[in-house]
Amino acid sequence: MNILLKSFPNNRKTAFNRMKAAITATANYLPPDILSNHDLELLLDTNDEWIRSRTGISERRILKDPEKATSYMCGEVARKLLEKRQITADDVELIIVATMTPDMPFPSTACFTQSIIGATNAWAFDVNAACSGFLYALNIGARFIESGAHKKVMVIGADKMSSVTDFTDRSTAILFGDGAGGVILEPAKEEGYGILDARMYSDGTNGKDHLLMTGGGSRHPATYETIDKRMHYIHQDGRQVFKAAVTSMAEVALEIMNRNNLKAEDVAYLVPHQANQRIIDATAERMGVDEKKVVSNVARYGNTTAGTIPICLAELDEQQKLHTGSNLVLVSFGAGYTWGGIYLKWQ
Ligand code: UT7
């Protein structure tokens with residue numbers, strides 16, 4: 001015991017003194033093609049009024065080119081991140097891509113992204129936590145910075161939801177869109193800044209059967225039968241997921257506020273997962289946060305799954321709304337169920 005302590009006399013101290021992880025660049029990519037509610041009216045028995053009043057969505061983006069997959073959007077985000085942060089691909093030590101629509105089951109979309117930008121010094125892997133994927137990945141990336149293992153981590157959330165959307169199912173086809181966003185994480189310059197708290201949850205027991213794609217995995221590999229049964233598309237019990245989302249997002253948001261002594265007026269922005277404006281509003285109401293502080297672009301992009309939160313962050317950043325000391329609360333909920341919250345102070 002003594003020998004061990006003597007051999008590593010500063011280990012504990014060093015570990016506690018490490019800086020938190022701060023976001024030093026943001027970027028997003030939305031494909032240019034728009035699929036509006038009116039376009040969907042031509043395909044399905046639905047209407048603009050129903051979609052807008054039940055979800056808040058007016059239009060979504062679709063990556064139309066069949067040659068382009070999720071990694072294309074990740075590559076666009078990754079290039080912008082390097083440019084914004086004025087670093088080269090060689091500087092990136094780790095790439096984490098959150099997605100539930102990988103280019104293929106393997107290799108990972110993170111490896112495709114690494115190859116697109118030529119980040120030869122990085123290691124790379126995917127995280128699948130559906131709509132909570134970006135927050136899970138951000139939390140993982142932050143730990144590699146905090147531990148001192150890495151100085152530059154790229155975290156991207158991206159989904160080509162149109163590749164798993166059944167455009168004959170009006171209950172899901174109206175909800176989703178394609179898009180990607182990402183950040184660079186580095187050690188914060190000063191103590192008290194960066195990602196200060198994270199709470200992550202999963203509940204497979206109650207959640208695994210309500211939002212899922214049953215075909216294409218090891219349980220139901222692709223066959224003519226799985227295709228005929230439309231098993232390679234999203235299936236959702238919307239009401240169940242809605243109820244769980246409202247409860248869980250609000251609970252984790254309040255937990256984050258309580259743990260960090262944040263009052264509603266201390267929060268500069270609530271950045272919620274963008275699935276449904278009604279879920280966003282319910283979360284903000286429980287937190288007591290003024291609607292001006294609630295970030296929402298669900299009207300323009302629909303639910304881009306792992307893309308929603310980093311897309312919002314990049315828009316806030318682009319609009320120069322993020323200032324040193326701004327308190328951000330990020331919250332998400334998705335298939336699994338998975339959910340989580342992150343508190344960060346912008347540096
Ligand atoms: O990203 C995380 C995961 N996803 C979510 O967070 C989504 C959670 N769920 C939701 O956002 C909502 O449940 C939906 C937007 C999916 C559905 O809204 P709802 O208010 O829960 O509607 P509902 O499923 O209870 O359906 C109400 C009615 C039904 O008709 P009847 O049975 O009352 O006659 C549906 O058949 O609306 C009908 N309906 C539609 N009507 C026009 C369902 N989809 C449509 C549609 N257009 N697209």
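1. Helices, taken as DSSP runs of H or I, are at least four residues long and numbered from the N terminus. Asp-281 sits in one of them, helix α12, which covers residues 277-287. Note that this is a predicted model.

2. Asp-281 belongs to a patch of negative charge on the surface. Is Asp-281 buried, exposed or in between? Its relative accessibility is 42%, so it counts as partly exposed. The cut-offs behind that are under 20% for buried and over 50% for exposed.

3. The surface also carries a positive patch. Arg-54, Arg-239, Lys-243 and Arg-278 make it up. Arg-54 is placed in helix α4, residues 48-55. Because its relative accessibility is 40%, Arg-54 is likewise classed as partly exposed.

4. β13 has β8, residues 194-202, as a pairing partner. The two run antiparallel and share eight bridges. Within this pairing, Met-200 faces Gly-340 of β13.

5. β12, residues 327-334, also pairs with β13. Again the sense is antiparallel, with eight bridges. Val-329 has Tyr-343 of β13 as its bridge partner.

6. One detail of the turn deserves a look. β12 and β13 form a hairpin, with three residues between the strands. Gly-336 lies in that turn and has a positive phi of about 140 degrees.

Technical notes. Residues are numbered from 1 along each chain as its sequence is written. This is a predicted model: local features need pLDDT of at least 70, side-chain atom pairs count only at pLDDT 80 or more; totals for chains, interfaces and linings use all residues. Side-chain values use heavy atoms; hydrogens and water are left out. Patches are made of residues with over 30% relative accessible area and no salt bridge: like charges are joined within 9 Å, nonpolar side chains (Val, Leu, Ile, Met, Phe, Trp, Tyr) within 5 Å. Accessible areas come from the Shrake-Rupley method with a 1.4 Å probe; for residues, only the protein chains shown count as cover. A salt bridge is a side-chain nitrogen of Lys or Arg within 4 Å of a carboxyl oxygen of Asp or Glu. Lys and Arg count as positive and Asp and Glu as negative; His and the chain ends are not counted. The place of a charge is taken as NZ of Lys, CZ of Arg, CG of Asp or CD of Glu. Buried means under 20% relative accessible area, exposed over 50%, partly exposed in between (1.4 Å probe, protein chains only). Two strands pair if DSSP finds at least two bridges between them.
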